[in-house]
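Okay, everyone, let's get going.

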Amino acid sequence: MSSPLFIFAEIKPKTAHFIDAQQAITNILDQTRAERGCKSFNLFESPDHKTLYLFEEWEDQNALDQHHAKPYTVSVFKAYEDWLAETPRILPLHSVG
């Protein structure tokens, strides 16, 4: 049996594309949350409006892989090629208690 997978992602868009980057994720929140295997998918922003944070919970790695293959997710990743100031910091986490 596989264990739940938690993802914490730190996303730093270029200043000119902060709203674009934020909206891109906001636009896929409902679709993502409706995916089989998605337990949680929440977007946060820093008080200075410079960094986005995603906190995700998936049933397992397979569910996350399926999410990454969805056309709407691929579209966000494609747009982020031009919009991000740096590569996102992705931390996959597993619960220990």
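Predicted model: local features only at pLDDT ≥ 70, side-chain atom pairs only at ≥ 80, totals over all residues.

For background, most residues other than glycine have a negative phi. His49 is partly exposed, since its relative accessible area is 49%, and the cut-off for exposed is over 50%.

Now hop from there to Glu10, which sits in strand β1. Between Glu10 and His49 there are 13 Å in space, C-alpha to C-alpha, and they're 39 residues apart in sequence. Is Glu10 buried or exposed? Buried, because its relative accessible area is 16% and buried means under 20%. If we skip the neighbours within four places in sequence, Glu10 is in contact with Thr51, Leu52, Tyr53, Pro88 and Arg89.

Okay, on to the core. The largest nonpolar core has 21 residues. The ones with the most contacts inside it are Ile11, Ile25, Phe41, Leu52, Leu54, Trp58 and Tyr80. Which elements give two or more residues to this core? They are β1, α1, β2, β3, α3 and α4; for orientation, α1 covers 18–26 and β2 covers 38–45.

Leaving aside neighbours within four places in sequence, Ile25 touches Ile11, Phe41, Leu43, Leu54 and Tyr80, in the sense of being in contact with them.

Next, the rings. How many aromatic pairs does a search of the whole structure find? Four. One of these aromatic pairs is Phe41 with Trp58, and it's edge-to-face, with 6.5 Å centre to centre and 70° between the planes. Phe41 lies in strand β2 and Trp58 in strand β3, so this pair ties together parts that are 17 residues apart in sequence. Phe41 counts as buried because its relative accessibility is 3%, and Trp58 counts as buried too, at 0%.

Tyr80 and Trp83 form another aromatic pair, a tilted one: 6.2 Å centre to centre, with 55° between the planes. Both of them lie in helix α4, three residues apart, which is about one turn of the helix. Tyr80 is buried, at 8% relative accessible area.

While we have Trp83 on screen, look across to Thr32. The C-alpha atoms of Thr32 and Trp83 are separated by 21 Å, and the two are 51 residues apart along the chain. Thr32 belongs to helix α2, residues 29–33. It counts as buried, with 0% relative accessibility. Again leaving out neighbours within four places in sequence, Thr32 is in contact with Cys38, Phe41, Trp58, His67 and Tyr72.

Last stop, the largest pocket. Its volume is about 330 Å³. It's lined by 19 residues, and those nearest its centre are Ile11, Leu54, His68, Phe77 and Ile90. What classes make up the lining? There are 14 nonpolar, three polar and two charged residues.

And where do they come from? At least two residues of the lining come from each of β1 (5–11), β3 (52–58), α3 (61–69) and α4 (71–83). Helix α4 supplies the largest share, five residues.

Let me finish on Phe77, which is in helix α4. Phe77 is partly exposed, with a relative accessible area of 42%.

Key
Residues numbered from 1 in each chain as written. Heavy atoms only, no water. 1 Å grid on protein atoms, 1.4 Å probe; cavity = no way out; pocket = protein on both sides within 12 Å on 5 of 7 lines; lining within 4 Å. Points joined across faces, edges and corners; volume = space filled by probe spheres on them. Helix = DSSP H or I, 4+ residues; strand = E, 2+ residues; numbered from the N terminus. Nonpolar A, V, L, I, M, F, W, Y, C, P; charged D, E, K, R; others polar. Core = buried A, V, L, I, M, F, W, Y, C linked by side-chain atoms within 4.5 Å. Buried < 20%, exposed > 50% of the residue type's maximum accessible area, 1.4 Å probe, protein only. Contact = heavy atoms within 4.5 Å. Phe/Tyr/Trp six-rings, centres within 6.5 Å; stacked < 30°, edge-to-face > 60°.
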